[in-house]
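Here's a quick briefing to keep next to the viewer. Have a look at the fold first, then read on.

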Amino acid sequence: MGNTYIGLLRGINVSGQKKIKMAELRDVLEEIGLKNVKTYIQSGNIVFNSERTDQNKLQETIATSIRKHFGFDVPTLVIQEEDIKQILETNPFSGEGEANKLYYVLLKNAPKEDLVKEFNQLHFENEGHHITDKCVYLRCKNGYGKAKLNNNVVEKKLKVEATTRNQKTMLKLLEMASG
C-alpha cells in the first residue's frame, strides 16, 4: 500500500477559477500511480498512498499532471499524517476559544529568520499569529473571510508558497489519512 500522504492544492474552484472536478482529479492522480486516492470537499484536499518517499518529487509530479491535464498551474503541497498531527498538537491557540476561529497556513518551505522577525512586527485587530518552519497559525476572532492576515499576506511577507486550511478540514484530513 505504501506511505500515506496528504496533498493540498491552492486556489482551485474559487470564484469559478481553475475548475477541477474531484472525480476527474482522482482519475488523473491514479493514472500517475497514486493509490487509494480520496478527496475532501472541492478545494483541493487529497489523501493518497504512494510507494514513493520523496515528498518534493510527489509535489512536482502532481503539479505537472494537473498542468498537463487541466491546462493551468496549481501550487501543490504534499505532507504526511504525522505533519498534520504535530501541527494540530502544537497549535498555540488551541485552548483559546472557538475551534472555528483557528486556521493553518501551511508553508512549502521554512521562512527566513529575518522575514519572520519582520512579520512578527505586524499586528491586526482581532487576529493573532504564530510562525513555525511548517505553519503560520492564525486565530481570526471575526473569521478568516474578514481577516486582514490571510494566505496572500503570508506568502508576500514571508516569501514562501503556502495554502490555508481551517481546523475542521485539518481534523478531517487527519481522520482520512488514519483510516
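How many positive and negative side chains does the protein have, and how far apart do the centres of the two sets lie? There are 27 positive and 23 negative ones, with the two centres 5 Å apart. Keep in mind that this is a predicted model.

**Overall build**
- You'll find six helices and eight strands in the protein.
- Going along the sequence, their order is β-α-β-β-α-β-α-β-α-β-β-α-β-α.
- The radius of gyration is 16 Å, close to the 16 Å that the globule rule gives for 179 residues, so the protein is as compact as a globular protein of that length.
- Along the principal axes, the C-alpha atoms take up a box of roughly 45 × 30 × 30 Å.

**Inside and surface**
- Buried residues make up 45% of the 179.
- Among contacts with a separation of 6 or more, 69% link residues 24 or more positions apart.

- E5 spans residues 102–107, and six of its six residues are buried.
- In a regular strand, side chains alternate between the two faces of the sheet.
- Here Leu102, Tyr104 and Leu106 point one way, while Tyr103, Val105 and Leu107 point the other way.

**Who E5 pairs with**
- Strand E7 (residues 135–140) pairs with E5 in the antiparallel sense over five bridges, and Leu106 sits opposite Cys135 of E7.
- Strand E8 (residues 162–166) also runs antiparallel to E5, joined by five bridges, with Leu107 opposite Ala162 of E8.

Terms used: Residues numbered from 1 in each chain as written. Predicted model: local features only at pLDDT ≥ 70, side-chain atom pairs only at ≥ 80, totals over all residues. Heavy atoms only, no water. Helix = DSSP H or I, 4+ residues; strand = E, 2+ residues; numbered from the N terminus. Rg over C-alpha atoms; globule rule 2.2 N^0.38 Å. Buried < 20%, exposed > 50% of the residue type's maximum accessible area, 1.4 Å probe, protein only. Contact = heavy atoms within 4.5 Å. Lys, Arg positive; Asp, Glu negative; His and termini not counted. Charge placed at Lys NZ, Arg CZ, Asp CG, Glu CD. Pairing = 2+ DSSP bridges.
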